[in-house]
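Reader: I would like to learn how to read the features of a model such as this one. Could you take me through them, giving the general idea and then the case at hand?

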Amino acid sequence: MRMLLMCAWLLIAPVMAHAQSQPPKDFVAVDETAPGEQIAAMPLIASAYGFIWVGVLVYVWSIGRRLQKVEGELAELESRKK
């Protein structure tokens, strides 16, 4: 447990330190940028979530296939035993 907390701290500490730093002097708020220079976030977020869900579904499907194969092998071994 202690090792897990230490690893978590090592991952979180740099993010916290960066979040507390001041923005650069040439920082321009999003409201002040030209419309052509802004990137629409919704398509990027939707595609990222879609990519993750496809990966999860493929992973679950592959586990199901492997589980069916193992159950078939177990059934075959049990039938040989009798």
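Author: Helices (H or I, at least four residues) and strands (E, at least two) are DSSP runs, numbered from the N terminus, and by that rule the chain has two helices and zero strands. This is a predicted model, in which local features need pLDDT of at least 70 and side-chain atom pairs count only at pLDDT 80 or more, while totals for chains, interfaces and linings use all residues. Residues are numbered from 1 along each chain as its sequence is written, and side-chain values use heavy atoms, with hydrogens and water left out.

Reader: How many salt bridges does the structure hold?

Author: Side chains of opposite charge can pair when their charged atoms come close. A salt bridge is a side-chain nitrogen of Lys or Arg within 4 Å of a carboxyl oxygen of Asp or Glu, and the structure holds one: glutamate 76 with arginine 80, whose closest N and O atoms are 2.7 Å apart. Both residues lie in helix 2 (residues 41–81), four residues apart, about one turn of the helix.

Reader: Is arginine 80 buried or exposed?

Author: Buried means under 20% relative accessible area, exposed over 50%, and partly exposed in between (1.4 Å probe, protein chains only). Arginine 80, at 60%, is therefore exposed, whereas glutamate 76, at 40%, counts as partly exposed. Valine 56, which lies in helix 2 as well, is partly exposed at 36%.

Reader: What share of the 82 residues in the chain is buried?

Author: Buried residues make up 0% of them.
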